Amino acid sequence: MTTAVQVDVAVIGGGVVGCAVARELAGREVSVALIESRGDVGDATSKANTAILHTGFDAVPGSLESSMVRRGYALLSDYAAEVGIPVERTGAVLVAWAADELAALPGLADKAVRNGYDSCEVVDAAAVYAMVPALGPGALGGLVVPDESIICPWTTTLAYATEAQQRGALLLLGRRVTGVAVGTEATTISTTAGEVRAAWIVNAAGLGGDMVDRMLGHDRFTVVPRRGELLVFDKLARALVDRIVLPVPSAKGKGVLVSPTIFGNVMLGPTSENLVDRSDTSTSAEGFAFLTSKGRTIMPALLDEEVTASYAGLRAATEHSDYVVEVDPAQRYVLLGGIRSTGLTASMALAERACDLMEAAGLSLHVRAGVPPPPRMPNIGEAFPRPYQRVDLIEHDPEYGTIVCFCERVSRGEIRDALRSPIPPCDADGLRRRTRALMGRCQGFFCGAEVEAMLREQT
Amino acid sequence: MSEQRATLRPTVAIVGGGPAGLTAATTLRRLGIESVLVLEREQQAGGIPRNSDHTGYGVRDLRTVLTGPAYAERLVRQARDWRVDIRTASTVTDWADDRSLMVTSPEGRLRVDAQAVVLATGARERPRSARMVPGDRPSGVLTTGQLQNLVHGRHERSGGQVGVRAVVVGAELVSWSAVLTLREAGCATAMMTTEHQRAESYAAFTIPGRSLLRVPVSRRTRVTRIVGRERVEAVEVTRLDTGQSMTVPCDTVVFTGDWIPDGELARLRGLDMDRGSRAPLVDTALRTSLDGVFAAGNLLHPVDTADVAALDGRHVAAQVLAYLAAPSWPVEGTRLVAGEGFAWIAPGVVRLGDPPPARSRLLLWPTAHRSVARVVVRQDDAVLARRVLPWAASPGRVFRVPWGLLDKVDPSGGDVTVSLA
């Protein structure tokens with residue numbers, strides 16, 4: 001692995017943004033490499049978020065984030081339909097629990113309009129309870145956001161990476177960037193597994209974005225890992241809530257939401273806590289206590305259900321309120337920094353923006369003719385037919401009728417497909433993100449041994 | 001995409017091929033029911049005993065002592081000898097209608113229309129996530145079920161999930177079963193933790209536990225954090241009374257017991273559920289709230305021993321037979337309620353004219369230990385019975401109350417509460 005890889009553009013970071021950029025670039029007349037420190041794409045911040053496809057109704061009007069989210073929503077909605085990323089347009093309702101929150105709703109509706117979204121509607125308490133009957137007592141009114149949607153964040157990242165690879169991009173996984181040296185013709189990126197030489201580089205390193213930026217001699221921002229803990233409730237809770245229930249945002253952040261997940265569960269969270277350690281995705285007793293107390297107010301019946309999973313994600317917060325997207329033509333370098341949880345929605349717009357910036361700085365990025373058709377991703381969303389329900393599939397291949405993971409109803413055929421897919425999983429967590437195996441209520445009580453045996457046979 | 005390709009029309013469909021389901025099936029055949037179908041989602045029928053490779057099975061139902069796998073095999077063979085249609089790798093995913101199930105199997109998508117349905121889907125251990133134990137999320141965190149599947153299942157050992165030094169959370173019967181399995185896999189148990197003052201399991205198990213297995217049981221403690229990014233490195237154990245915590249190095253953590261019924265199908269059809277046990281609410285004939293749908297086994301009392309689950313199966317078979325002969329479904333009834341000292345009681349409904357419960361016992365889950373168990377039965381503020389039972393009440397094992405204590409219940413009265421004085 002000591003031979004240097006030579007490409008036109010190297011993208012650092014295999015999260016949702018980096019993969020979107022690699023996909024976009026690979027559709028142009030340049031050679032592309034994606035460098036990711038972990039053994040899989042989407043294995044850090046991109047795997048643990050609230051998984052919402054945002055309209056951007058509550059962004060800061062005029063900000064880059066606002067325009068990227070609005071553009072990204074449209075792009076990703078179309079792309080999701082094309083490649084089979086599960087999306088459910090559940091809509092959201094922002095619930096006011098106090099007089100000042102109620103008073104803030106019309107202002108939020110105006111702000112939405114300034115963000116280019118004009119479908120918000122202020123409703124009274126009765127309407128809020130009609131929409132979410134399981135809501136706890138004390139709601140005073142709400143703001144309806146009909147187009148907020150839920151999406152599968154794992155399939156999104158994988159679809160981008162798969163298409164990037166099919167278009168010829170090199171996926172360099174398991175390589176951490178240790179140094180960057182800008183030369184006159186090419187930049188040399190040192191990694192833990194050899195060098196990569198590229199004319200241009202794109203920094204989409206997420207939590208490590210500021211560190212890579214400093215390797216290039218800049219001092220523009222510092223990432224503060226902001227931990228968000230989430231609780232995922234049993235699928236039996238899904239009947240309680242069929243849309244995203246949001247709090248009215250305050251100075252302290254967006255607050256705790258209750259949302260259906262694309263896999264048919266209900267999610268409660270996130271917390272918001274600044275950390276120092278950029279790899280600390282542990283959960284905490286304080287976080288659990290905070291979320292359960294919030295949950296008890298928002299939706300008491302939710303707490304009667306079992307918790308299926310808990311996890312923590314780290315958002316790449318910075319001292320800037322907006323994304324930090326800049327180009328340095330002399331260094332042939334694009335920075336996509338400070339991309340927070342809205343990055344999932346904004347990913348395709350950010351990819352487009354990165355290309356525009358490079359083109360403006362002189363890189364020729366003509367759209368390439370004859371790119372392969374986009375991949376068709378396996379559906380792991382609950383609202384669409386899964387293989388176990390499909391007579392046609394099972395008749396053709398009985399492995400789709402052999403359920404291995406009972407809680408999530410994942411068939412042997414789906415696990416086999418994932419293990420043979422263009423970007424196969426490297427561990428049980430990766431398999432979970434591709435198939436849902438092991439993510440259900442038993443957490444492996446019944447199927448853990450079987451699934452791990454399949455994984456071992458193949459890897 | 002059509003809904004299904006074939007419809008099966010057995011007289012009775014039983015969901016779950018463990019001790020309760022198989023025994024119910026065999027008994028129904030013995031009683032003359034021609035067509036009995038067992039739907040088992042695993043590749044093999046037999047249920048949880050299949051992977052519990054120690055002795056003690058079959059005492060009450062088969063009047064013998066077998067290992068778990070031998071017991072499971074015996075139940076399967078009996079059912080097959082009686083020409084029960086056992087379909088393995090067949091997962092009931094949903095209901096098509098009352099008494100009508102949708103099934104996924106390698107043969108395709110089936111619909112099963114039965115005259116009566118018995119739910120015997122058992123229980124599972126509450127995993128770490130549902131217990132909300134914070135910390136890192138490394139590998140090496142298991143339940144007993146997963147551990148025994150790894151070690152005794154048809155798979156090559158454990159694939160690295162089982163290490164060399166374990167902490168076992170819980171001190172129930174199943175917890176000791178986990179210790180034995182760990183030992184077999186070459187993993188020593190450094191500590192067992194229990195939130196209770198006394199180890200919960202039978203003395204018979206605790207004594208060899210202490211002497212032979214030499215496992216220290218840390219009482220009144222709770223695992224409050226898991227440490228280790230890739231692999232478990234330690235757990236934080238906190239004393240409930242002082243709040244003092246210590247770090248116990250280990251590479252494996254097994255969460256044992258703390259059972260929850262696998263009641264998804266019951267919930268999906270909106271059956272009345274018991275809040276205490278999270279199981280479908282049944283009467284003494286094991287009828288649920290839905291006409292023609294019965295339930296049996298550890299789905300109802302998570303968990304009693306396998307033989308007690310099997311005897312539930314025998315009990316429900318007689319009730320199903322009576323229903324098939326004269327299909328009627330009572331609705332009203334007097335509720336049995338778990339009072340002070342108990343988390344749940346099963347069955348939960350009594351009614352004039354109904355049979356006594358299986359084995360003429362009510363099953364309850366104690367929340368506290370009582371060496372001398374004084375049971376009080378009340379209805380509408382009147383004490384109906386008060387009796388000291390000759391067995392202790394201990395959290396972590398089912399407590400049995402003779403049916404005779406309910407002799408004075410007024411079927412037209414209010415709720416009946418059973419408590420520990």
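Start with the surface of chain A, which comes to about 16,300 Å² of accessible area, 53% of it belonging to carbon and sulfur atoms; accessible areas come from the Shrake-Rupley method with a 1.4 Å probe, and for residues only the protein chains shown count as cover. The model is predicted, and local features need pLDDT of at least 70, side-chain atom pairs count only at pLDDT 80 or more, while totals for chains, interfaces and linings use all residues. Residues are numbered from 1 along each chain as its sequence is written, chains are lettered from A and ligands numbered from 1 in the order in which they are written, and side-chain values use heavy atoms, with hydrogens and water left out.

**Chain A as a whole**

Turned along its principal axes, the C-alpha trace of chain A spans about 65 × 55 × 40 Å. Of the 459 residues in this chain, 63% are buried, a word that stands for under 20% relative accessible area, with exposed meaning over 50% and partly exposed in between (1.4 Å probe, protein chains only).

**Two loops of chain A**

Select A51(A), which is found in the loop between β2 (32-35) and β3 (52-53). Although A51(A) is not a glycine, its phi is positive, at about 55°, and the residue counts as buried because its relative accessible area is 15%. Most residues other than glycine have a negative phi, and most peptide bonds are trans.

Next, go to T90(A), in the loop between β4 (87-88) and β5 (92-96) of chain A. Is T90(A) buried or exposed? With a relative accessibility of 13%, T90(A) counts as buried. Leaving aside residues up to four places away in sequence, T90(A) touches E148(A), S149(A), I150(A), D242(A), R243(A), I244(A) and P260(A), where contact means heavy atoms within 4.5 Å.

**Chain B as a whole**

Now move to chain B, which has eight helices and 29 strands. Its radius of gyration is 22 Å, close to the 22 Å given by the globule rule for 421 residues, so chain B is as compact as a globular protein of that length. The C-alpha trace of chain B spans about 60 × 60 × 40 Å along its principal axes, and buried residues make up 59% of the 421 residues.

**The cores**

Which residues touch the most other members of the largest nonpolar core? Select I14(B), L101(B), L119(B) and V320(B), which hold that place among its 58 residues; a nonpolar core is a set of buried Ala, Val, Leu, Ile, Met, Phe, Trp, Tyr and Cys residues joined through side-chain atoms within 4.5 Å. Helix α8 (residues 306-325) of chain B gives the most to this core, with eight residues. Showing the neighbours of V320(B), and not counting residues up to four places away in sequence, brings up V12(B), L28(B), A116(B), V118(B) and F294(B). A second, separate core of 55 residues includes A20(A), M68(A), A80(A) and A159(A).

**Backbone and loops of chain B**

Return to chain B and select R83(B), in the loop between α3 (68-81) and β6 (85-87). R83(B) has a positive phi of about 60° without being a glycine, and R83(B) is exposed, with a relative accessible area of 57%.

For cis peptide bonds, select P302(B) and V303(B), which are joined by one with omega of about -20°; V303(B) has its place in the loop between β21 (293-295) and α8 of chain B. Another cis peptide bond joins A346(B) and P347(B), with omega of about -5°, and P347(B) is found in the loop between β23 (342-346) and β24 (349-350).

Finish at H196(B), in the loop between β14 (188-193) and α6 (203-211) of chain B. H196(B) is partly exposed, its relative accessible area being 25%. Beyond residues up to four places away in sequence, H196(B) touches R219(B), R220(B), T367(B) and P395(B).

Key:
Helix = DSSP H or I, 4+ residues; strand = E, 2+ residues; numbered from the N terminus. Rg over C-alpha atoms; globule rule 2.2 N^0.38 Å.
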